[in-house]
Amino acid sequence: MYEKNKTYQHIPVLCQEAVSGLSIKSEGTYVDATHGGGGHAQKIMSELGHKGSLYAMDKDPHASEKKSKTTTLDSKNSPKFVYIKENFINLKNSLFLHKIHKIDGLLADLGMSSLQIDNPERGFSFRFAGPLDMRMDTQQSLTAEEVINKYSFPALRHIFSTYGELRQAPKIARIILEAREKNTISNTEQLKNILRPLYKQKNMNSFRAQFFKAIRIEVNGEMKALEKLLNDSQELIKKDGRIVVISYHSLEDRRVKQFLKNGQFAREPLRDPYGNLNVPFQPLHNKPIKPSPQEIIKNPRARSAKMRVGVKL
């Protein structure tokens, strides 16, 4: 067992702003694609009438333990709450199984829960000694240990360059390959020691954060899942419905921004065969909404959050 260090209470980021962005209709049908600790879901439920419904998803088995918080409102006069233990990459099929084909709004908070970060046994944080796991869905097979010890040089270089945005990606990949030839790299402390020659002390935490983020994105297929979620939202969300996405790093935010602006993940907007604009959403704001200084003081992990809202055309 790994020793637990200082933990943080999970606080939903931009909670009021996100739920306001959904512009909730009392009898509407909504999706919280990232239930986590249930903070956003609770707020959505409090604004729904008894004919409204919320479908909450999360692929982390531990998140289901928190769903009881959301269902405390459950009674004859409470809105319907349905919890789905599933990756939001499967959003459309999951809703179809519940005979839901259209929704009024969707919220996705792409950040990690403090419950995940602060558990050393999950291996998400370089602050703690723990195994190289990093799986959000603990039932999947691919782990960070497999990525580090089995991936080829080109694959590792791609991950560090694309997901970590690290300029030293080739050098990092080479050092890892050399180290794993001597011994299997199985925990976060080993990995930090191997990487130590690559960073200057003043940039240490920034480098580690980018590196761990890159591995986590690969293990959990985060960018593929995000793109699928955004594409599915075009079909699922009703006219004048809303999509709200909270992201925490530039890779996510760029994709959300491009999608809401252009209808795709390229820099040019979608057009029909006649050259007319054919974008599915209208961004509600020109710039992302960020946490206030007061929120950041209460919840330092909110500092990198950016929220974008789209209205279905």
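**Close-up views of a predicted model**

**View 1. The β6–β7 pairing at one end of the sheet.** In β7, Lys312 is the bridge partner of Phe281, and this pair belongs to a predicted model. Strands β6 and β7 run antiparallel and are joined by 3 bridges. Of the residues in β7, 6 of 7 are buried, and the strand is therefore described as mostly covered.

View 2. Val279 is placed in the loop between α12 (250–262) and β6. Is Val279 buried or exposed? With a relative accessible area of 19%, Val279 is buried, because the cut-off for that class is under 20%. When residues up to four places away in sequence are not counted, Val279 touches Lys261, Asn262 and Gly263, together with Pro269, Leu270 and Leu313.

**View 3. The whole sheet, strand by strand.** The sheet is open and is formed by 7 strands in the order β3-β2-β1-β4-β5-β7-β6, with mixed pairing. Strands β3 (80–84) and β6 (281–283) stand at the edges and have a single partner strand each, so one side of each is left without a neighbour in the sheet. From one strand to the next, the twist averages 20 degrees.

View 4. Val244 can be followed across both pairings, as the bridge partner of Leu107 in β5 is Val244, and Val244 in turn stands opposite Val309 in β7. Ile246 stands opposite Met307, which is also a residue of β7. How many of the 11 residues of β5 are buried? The count is 8 of the 11, so β5 is largely enclosed by the rest of the structure.

**View 5. Strand β1, strand β4 and the helix that lies across them.** Strand β1, which covers residues 29–32, pairs in the parallel sense with β4, residues 103–109, over 3 bridges. Within this pairing, Tyr30 stands opposite Gly105 in β4. Helix α1, made of residues 15–22, lies across β1 and β4 and also across β5 (237–247) and β7 (306–312), and α1 runs at about 160 degrees to β5.

**View 6. Helix α10 and the glycine that follows.** Helix α10 spans residues 204–220, and its 17 residues reach 24 Å from the first C-alpha to the last, which is close to the 24 Å expected at 1.5 Å a residue. Of the 17 residues of α10, 13 are buried, so the helix is largely enclosed by the rest of the structure. Gly221 follows α10, and the phi of Gly221 is positive, near 55 degrees.

View 7. Asn87 is found in the loop between β3 and α4 (91–97). The relative accessibility of Asn87 is 17%, and the residue therefore counts as buried. Leaving aside neighbours within four places in sequence, Asn87 is in contact with Met57 and Lys59, and also with Ala225.

**View 8. The whole protein, as a setting for the close-ups.** The secondary structure of the protein comes to 13 helices and 7 strands. Its radius of gyration is 20 Å, close to the 20 Å that the globule rule gives for 313 residues, so the protein is as compact as a globular protein of that length. Taken along the principal axes, the C-alpha atoms fill a box of roughly 60 × 50 × 40 Å. Buried residues make up 52% of the 313 residues, and the protein exposes about 15,700 Å², of which carbon and sulfur atoms supply 48%. Among the contacts with a separation of 6 or more, 71% are accounted for by residues 24 or more positions apart.

Conventions: Residues numbered from 1 in each chain as written. Predicted model: local features only at pLDDT ≥ 70, side-chain atom pairs only at ≥ 80, totals over all residues. Heavy atoms only, no water. Pairing = 2+ DSSP bridges. Helix = DSSP H or I, 4+ residues; strand = E, 2+ residues; numbered from the N terminus. Axes fitted to C-alpha atoms, helices over the stretch in contact; angles between N-to-C directions. Contact = heavy atoms within 4.5 Å. Expected span 1.5 Å × (residues − 1). Buried < 20%, exposed > 50% of the residue type's maximum accessible area, 1.4 Å probe, protein only. Rg over C-alpha atoms; globule rule 2.2 N^0.38 Å. Areas by Shrake-Rupley, 256 points an atom, 1.4 Å probe, with all protein chains shown as cover.
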